[in-house]
Amino acid sequence: MARARRSEIDDECEDALPSDYAPPPQPWENDDCDAAREAREILDAFEVGEIDAQTRYVLHRLVYRAARWLKLGIPGARPGRELVTITLRCILESEGNEAALCELIVRAVAAVVPEFEHRGLALVEAFDQINLLGVLEQMRALEYFYESETSSALERILKHKLCRILTPQPPAPVKQPSKEEQIAAAKAHAAAVRLAVIERSLELGGQLLELRVRICNNREFGRQRSRLGVDDASVASKLMLVARHYGQRPEVYRHVSWRILSDLSATNLPEPRRLDFERRILAGERVRPAEIARARVPGRRGGARKAWN
């Protein structure tokens with residue numbers, strides 16, 4: 001009953017108003033006020049020309065209210081120039097939003113930027129990912145909001161978008177490798193280590209071969225190879241034999257162990273059998289040390305010198 005009575009009174013008041021009645025202008029709607037002059041200075045700094053009155057009055061209002069709050073000593077109050085400046089930066093300096101300086105967008109942006117202003121330049125860059133005019137057009141196309149609700153709805157949308165853009169995303173969970181993947185990784189690591197050892201041994205064997213060609217005296221050769229870290233003569237002979245046969249043949253040494261290379265380089269292994277083993281390796285077959293041992297000629301001995309000539 002009271003609500004109905006109040007409605008009747010409101011209707012009577014409206015009927016009592018003259019048809020040409022216009023509400024008095026707000027203080028910030030005066031283009032000669034201090035807030036208007038300060039807002040114009042900020043717009044000139046951004047090299048913005050004339051804008052429509054409603055957008056201009058929104059900027060005036062931001063400066064005017066900030067000055068009132070500072071005068072009243074409201075906690076958290078600050079000069080309106082700061083808010084207007086960051087609002088215009090987010091709109092005018094973000095990619096694709098240069099033409100988005102209108103009343104509804106200025107209201108919404110000015111309402112949300114204080115919450116994210118501490119992010120500095122990242123806030124302005126976040127608006128590169130927001131098409132302000134496109135968002136506003138989509139809202140109107142939905143025909144879901146009343147015109148009076150558009151500003152507050154746009155404010156909520158911008159706040160959600162900024163939260164999503166500026167909030168660091170948690171790192172994606174690291175997928176634990178399966179047992180098969182762990183085994184494959186272990187095999188790959190072992191193969192890499194094996195290959196590194198073989199290549200280092202072949203390099204050392206090549207250096208010993210070069211020394212042997214230059215130095216005929218065994219005693220002097222022994223002193224020189226000791227400088228390379230090879231004190232044992234039998235080890236030096238094996239290194240040189242393997243380097244002579246396989247130092248320049250990665251298609252072989254990349255697929256077998258050092259023991260296989262050493263057995264294939266033995267002087268008591270007939271050449272036809274060695275070539276047969278190499279063909280099997282190149283074909284992807286597995287060659288076992290026992291097979292090579294059975295192919296050797298018993299009692300046949302050959303000095304390492306044959307490998308040097």
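Of the 309 residues of the protein, 35% count as buried, where buried means under 20% relative accessible area, exposed over 50% and partly exposed in between (1.4 Å probe, protein chains only). The structure is a predicted model, in which local features need pLDDT of at least 70 and side-chain atom pairs count only at pLDDT 80 or more, while totals for chains, interfaces and linings use all residues. Residues are numbered from 1 along each chain as its sequence is written, and side-chain values use heavy atoms, with hydrogens and water left out.

The protein has 16 helices and 0 strands; these are DSSP runs numbered from the N terminus, with helices being H or I of at least four residues and strands E of at least two. Contact here means heavy atoms within 4.5 Å. Among contacts between residues at least 6 apart in sequence, 65% join residues at least 24 apart.

How far the coordinates can be read is a matter of pLDDT, the predictor's confidence in each residue, from 0 to 100. The mean pLDDT is 85, and 89% of the residues reach 70 or more. Over residues 1-9 the pLDDT stays under 50, and the model has 0 contacts beyond four places in sequence for this stretch. Residues 302-309 also have a pLDDT below 50, but here the model has 13 contacts beyond near neighbours in sequence. Where pLDDT is low, the predicted coordinates should not be read in detail.

Two packed helices are described by the angle between their axes and the distance between the axes. For helix H9 (residues 179-214) and H11, the axes come within 8 Å and cross at roughly 100°; axes are lines fitted to C-alpha atoms, for helices over the stretch in contact, and angles run from 0 to 180 degrees between N-to-C directions. H9 and H11 are therefore roughly perpendicular to each other, a description that covers angles of 65 to 115 degrees. On the H9 side the contact includes Ser201, Leu202, Gly205 and Arg212, and on the H11 side it includes Ala236, Leu239, Met240 and Tyr246. Helix H11 (residues 233-246) also holds His245, which is buried with a relative accessible area of 18%. Leaving aside neighbours within four places in sequence, His245 contacts Ser265 and Arg274.

Turning to helix H7 (132-142), its buried residues include Leu132, Gly134, Val135, Leu136 and Met139. Their cover includes helix H4 (80-92), helix H5 (103-116) and H8. Ile165 lies in helix H8 and touches Ala126, Gln129 and Ile130, not counting residues up to four places away in sequence. Ile165 and Glu125 are 40 residues apart in sequence, and their C-alpha atoms are 9.8 Å apart in space.

Most residues other than glycine have a negative phi. Glu143, which follows H7, has a positive phi near 55°. Glu143 sits in the loop between H7 and helix H8 (150-166) and counts as exposed, at 70% relative accessibility. Glu47 also has a positive phi, near 60°. Its place is the loop between helix H2 (34-45) and helix H3 (53-72), and with 74% relative accessibility Glu47 is exposed.

Conventions: Parallel < 35°, antiparallel > 145°, perpendicular 65-115°, else oblique.
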